[in-house]
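Good morning, colleagues. Please have the sequence and the model in view as I speak.

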Amino acid sequence: MPRNPKVFCSHRSKDKPTVKEVARNLADAGIDPWVDEWEIKPGDDFVAAINRGLESCDAGLIFFSQEIESGKWVQAEISALTHQAVVDGKPLIPVLLDRWSNRNSSSKGRRKNWSRPTANS
């Protein structure tokens with residue numbers, strides 16, 4: 001029997017309730033989400049567990065919110081997932097959380113500029 005595709009869910013802890021809701025929907029659709037809270041048990045070496053999760057996943061989901069830039073762990077996960085996308089061809093999928101897009105969209109239908117602000121912007 002073929003196994004369900006597994007996706008690594010990279011996110012900030014502050015966004016965990018929304019991420020878990022999305023992950024439950026993915027599971028209902030036959031996709032196996034890797035969510036730290038569900039996969040790492042008390043006493044586990046959490047760095048090793050995260051590394052195993054990153055290695056075992058078929059794709060990566062990065063949950064973007066206003067909190068993303070201040071998270072050192074999520075930044076490390078993004079680097080690892082980006083490396084896997086470039087080197088191994090694993091899909092990397094951005095997920096824009098509602099509160100991020102609602103607070104940062106100046107008008108409906110316009111694209112958000114995700115680049116970092118420059119001195120001239």
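Predicted model: local features only at pLDDT ≥ 70, side-chain atom pairs only at ≥ 80, totals over all residues.

Lys41 is found in the loop between α2 and α3. Its relative accessibility is 47%, so Lys41 counts as partly exposed.

Let us turn to helix α1, which comprises residues 16-28. Its 13 residues reach 18 Å from the first C-alpha to the last, close to the 18 Å expected at 1.5 Å a residue. Which residues of α1 are buried? They are Lys16, Val19, Ala23 and Leu26. These residues lie on the same side of α1, because they cover an arc of only 80° around the axis. On the other side of the helix, Pro17 and Asp28 are exposed. The buried residues of α1 pack against β1, β2, α2 and β3. After α1 comes Gly30, which has a positive phi, near 90°.

Finally, the aromatic residues. The structure holds 2 aromatic pairs. In one of them, Phe8 and Trp34 are stacked, at 4.7 Å centre to centre and with 15° between the planes. Phe8 belongs to strand β1 and Trp34 to strand β2, so this pair ties together parts that are 26 residues apart in sequence. Both Phe8 and Trp34 are buried.

Phe46 and Trp73 form an edge-to-face pair, with 5.3 Å centre to centre and 65° between the planes. Here Phe46 lies in helix α3 and Trp73 in helix α4, so the pair ties together parts 27 residues apart in sequence. Phe46 counts as partly exposed because its relative accessibility is 42%.

Thank you for your attention.

Note on methods. Residues numbered from 1 in each chain as written. Heavy atoms only, no water. Helix = DSSP H or I, 4+ residues; strand = E, 2+ residues; numbered from the N terminus. Expected span 1.5 Å × (residues − 1). Buried < 20%, exposed > 50% of the residue type's maximum accessible area, 1.4 Å probe, protein only. Arc of directions from axis to C-beta. Contact = heavy atoms within 4.5 Å. Phe/Tyr/Trp six-rings, centres within 6.5 Å; stacked < 30°, edge-to-face > 60°.
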